[in-house]
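Hello,

Here is the structure I promised to pass on to you. Have a look at it first, and then read my notes below.

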Amino acid sequence: MLTMIREFLQPTIAMLTSLFMSISALFGTAVAPAPERAPEDYDNVKNVIYLIGDGMGPNHLEKTKNELGIELTMDTFEYTGRSRTRSASSSVTDSAAGATALACGVRTYNGALGVYMYDPLNAESHPKSLTELCEENGMMTGIVTTDLTSGATPGGFSVHTFARTNTWDIDTQQMASDFDLIWGGTSEYVSKETCEENGFTFVKTYSEMMALEEGSRSFAQFDNSTWTDEQADAETPTLSQMAVKAIDLLDDTDEGFFLMIEGAHIDKHSHSNYDEGMTEALKEFDETIALVLEYAQQDGETLVVVTADHETGNITLNDDGTYSFTQGSHSAADVPLLVYGSDTFIEDGETVDNIQIPQRIAYSLGFTAEQYPFEVFAAWVDDAKNLIGQK
Ligand SMILES: [Zn+2]
């Protein structure tokens, strides 16, 4: 009977699989195209600091310079390019699919965190994030954000779940993880007890964060209202304070470290078209990048990659030379890609697909194609075959 059902279902499933593949062909590459360079052709680095300005398009930089009358460290990078941000389900991505692309090298549907679009319930397999890849290979790993720790960007770098709204699942997976630090705003189901059971030092304030010592693992739940409402609170660290302390804690090993730093409020203030809020958030993100570059220059073995998950607000240039928001949602615009510490990561002026960025990071860290395959498409087909029992 089972065999009969199987025989009956197989052509149907095979048909669905080929339909999926046709759809993905229709949407353009669902996965990265073949590499231009072999994995071993990338400059080798020891550490990676990956900075994501949520919602930051090229005109966010122009608007900030224009309105605040400042220069930006982001304009000083030797290698600058662009990243195409589309998701598997839309030309306009959300932050969950965007983070999955930037963390796992896989295009998924909007709302998904670290799962394949054809296996949203993670029944058979899920893509591996850079954070997991690095952690499994003995590197120190950290996630720092001004969003809630369960936000879409930190989520894409740490968990696997079918919807970004699965807060309980996200909190639970993060508390059970082996990462060295997860810092951000307070999320609903994170508890001091569970964090401590899993070996994390639980942190609530700036002073507690500063008191952390090398060798400790920490889970920070700061007062999110401080960042959101821009009320100065000496007990809530700024993004740059978190970044400097996180580097200090992770920079303690021969195996190297991977640190993702997200500036979340560029996006949030762009959704509400709040000019001053956005430019201040971008300035803070830029100041964080300056401190990160200072470290990388001294260290000499650190790759710094700056990009965004998508553009928010569709900022355009006006006739009078000013810049304005023209919508309250995400746009399909390409976003900046800035690189320090590798001459082979991008060619200056190159535009890449977002999913190529983590693959290039993996190869820059010396991981092989087996450990972090460029041929995700091949894995995708294998997984699809496994799902229908055609091994
Ligand atoms: Zn957004």
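**What I found**

Asp267 counts as buried, at 8% relative accessibility (buried means under 20% relative accessible area, exposed over 50%, and partly exposed in between, with a 1.4 Å probe and protein chains only). Before going on, please note that this is a predicted model, in which local features need pLDDT of at least 70 and side-chain atom pairs count only at pLDDT 80 or more, while totals for chains, interfaces and linings use all residues. Residues are numbered from 1 along each chain as its sequence is written, and side-chain values use heavy atoms, with hydrogens and water left out.

Asp267 and His271 are four residues apart in helix H11 (residues 265-271), so about one helical turn separates them. Helices (H or I, at least four residues) and strands (E, at least two) are DSSP runs, numbered from the N terminus.

**Helix H2**

Which residues of helix H2 (residues 58-68) are buried? They are His60, Leu61, Lys63 and Thr64. These residues cover an arc of only 165° around the axis, so they sit on the same side of H2 (the arc is that of the directions from the helix axis to the C-beta atoms). They pack against H11, helix H12 (275-299) and strands E9 (311-312), E11 (323-324) and E13 (335-340). After H2 comes Gly69, with a positive phi near 60°.

**Strand E3 and its partners**

Strand E3 (residues 140-148) has eight of its nine residues buried, so the rest of the structure largely encloses it. E3 runs parallel to strand E7 (residues 257-263), with six bridges joining them, and Thr141 stands opposite Phe258 in E7. E3 also runs parallel to strand E4 (residues 181-185), through four bridges; there, Leu148 has Gly185 as its bridge partner. Two strands pair if DSSP finds at least two bridges between them.

**Ala243**

Ala243 belongs to helix H10 (residues 239-250) and is buried, at 1% relative accessibility. Apart from neighbours within four places in sequence, Ala243 is in contact with Leu259, Ile261 and Thr288 (contact means heavy atoms within 4.5 Å). Its C-alpha atom is 9.3 Å from that of Met260, which is 17 residues away along the chain.

**The whole protein**

The protein has 14 helices and 14 strands, and 53% of its 391 residues count as buried. Of the contacts between residues at least 6 apart in sequence, 72% join residues at least 24 apart.

Enjoy exploring!
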